[in-house]
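Student: I would like to learn how to read side-chain contacts in a structure. Could you take me through one?

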Amino acid sequence: MKSALETAEKSFSLALFFEDFKQITKVRLSLSVVFSSVAGYLLGAPNVDAVVVVLLTIGGYFMVGASNAFNQVIEKDLDALMDRTKNRPVPAGRMSVSAALFIAISFTILGLTTLYIINPKTAMFGAVSIFLYTSIYTPLKTKTPLSVFVGAIPGAIPFMLGWVAATNDFGIEPGTLFMIQFFWQFPHFWALAWMLDEDYKKGGFIMLPTGKKDKATALQIIMYTIWLIVASVFPVLGLTGSLHLSIVAAIVIAGLGFYMLYWAIKLYRKMDNKTARSLMLASVLYITLIQIVYVVDKFIQA
């Protein structure tokens with residue numbers, strides 16, 4: 001009886017640790033980054049190498065997991081003030097700062113080593129992403145709304161990173177992929193920040209461009225959504241090197257963009273959290289589907 005009880009307690013403790021591990025590394029966000037990186041790789045690779053895909057998947061997960069773990073160590077006291085973050089492992093006291101730092105440092109070393117095996121440029125961009133996210137974006141969040149601009153840079157690297165992993169080169173093609181995901185960051189994150197504005201303010205974070213939920217913020221969301229659509233269909237003009245987009249694919253992507261723009265305009269009119277949530281979900285749908293469209297279009301053209 002005692003043995004069975006001990007086994008159950010160990011299983012419970014292991015399950016709790018695994019859940020905390022997923023939270024400290026933000027597993028769902030990490031997987032979305034891996035998806036973007038693999039999509040970029042498939043676009044850039046003349047021939048798909050399964051080994052590189054596996055290395056990129058592992059390295060990408062480690063890279064994002066490290067950034068998130070560092071972030072939660074740095075913001076542990078502020079996280080404790082906000083409803084959405086107070087139950088995270090470190091502020092809740094379920095994981096020590098030293099344990100979280102061990103995960104962050106280990107993931108950094110493992111991630112950059114894995115990406116370096118692919119090629120040095122991929123590791124370099126991975127290092128830049130971790131540095132910008134933890135050392136500049138995170139401290140700026142309580143200082144200025146411009147932190148979102150800084151945070152959009154590491155947030156835009158994954159799609160581009162895949163191309164660099166495939167080609168060991170940085171040119172107009174990965175630059176275009178970077179711009180697509182860069183512009184996408186703003187309507188996506190500001191829609192999220194709109195919904196969580198009151199909670200963010202508890203932690204002292206200034207995330208909306210004007211610092212509040214007003215028409216000026218909503219207008220900027222519309223403008224960045226328009227720039228996102230333009231950047232996404234730009235390769236149809238044939239001016240982006242070996243990154244091509246067919247007319248049919250461009251029409252599909254534009255249609256997805258206008259769907260996202262519809263919610264951005266509706267947010268300007270309604271100014272409510274429900275519409276902001278719809279915009280946020282539309283943005284997730286947009287970035288996922290256009291990456292699929294780009295990849296499918298490439299192989300159809302080939």
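Student: Is Phe183 buried or exposed?

Tutor: Buried means under 20% relative accessible area, exposed over 50%, and partly exposed in between, with a 1.4 Å probe and protein chains only. Phe183 has 16% relative accessibility, so Phe183 counts as buried. Trp227, at 38%, is partly exposed. Bear in mind that this is a predicted model, where local features need pLDDT of at least 70, side-chain atom pairs count only at pLDDT 80 or more, and totals for chains, interfaces and linings use all residues. Residues are numbered from 1 along each chain as its sequence is written, and side-chain values use heavy atoms, with hydrogens and water left out.

Student: How many aromatic pairs are there?

Tutor: Rings of Phe, Tyr and Trp (its six-membered ring) pair if their centres lie within 6.5 Å; planes under 30 degrees apart are stacked, over 60 edge-to-face, and the rest tilted. The whole structure holds 20 aromatic pairs. In one of them, Phe183 and Trp227 have ring centres 6.1 Å apart and planes at 55°, so this pair is tilted.

Student: Where do Phe183 and Trp227 lie?

Tutor: Helices are DSSP runs (H or I, at least four residues), numbered from the N terminus. Phe183 is in helix α8 (residues 172-195) and Trp227 in helix α10 (residues 215-233), so their pairing ties together parts 44 residues apart in sequence. Ring pairs also link both into a cluster, with Phe149, Phe178, Phe182, Phe186, Trp190 and Tyr224.

Student: What about charged side chains?

Tutor: Side chains of opposite charge can pair when their charged atoms come close. A salt bridge is a side-chain nitrogen of Lys or Arg within 4 Å of a carboxyl oxygen of Asp or Glu. The count here comes to 9 salt bridges. One of them joins Lys141 and Glu75, at 3.0 Å from N to O. Lys141 sits in the loop between α6 (120-140) and α7 (147-167), and Glu75 in the loop between α3 (50-74) and α4 (76-79), so the pair ties together parts 66 residues apart in sequence. Lys141 is buried at 7% relative accessibility, and Glu75 is buried at 3%.

Student: Which residues join into one network of salt bridges?

Tutor: Begin with Lys202 and Asp83, whose side chains meet at 2.9 Å, N to O. Lys202 is in helix α9 and Asp83 in the loop between α4 and α5 (97-118), 119 residues apart. Salt bridges with shared partners join Asp83, Lys86, Asp199 and Lys202 into one network.

How values were computed. Helix = DSSP H or I, 4+ residues; strand = E, 2+ residues; numbered from the N terminus.
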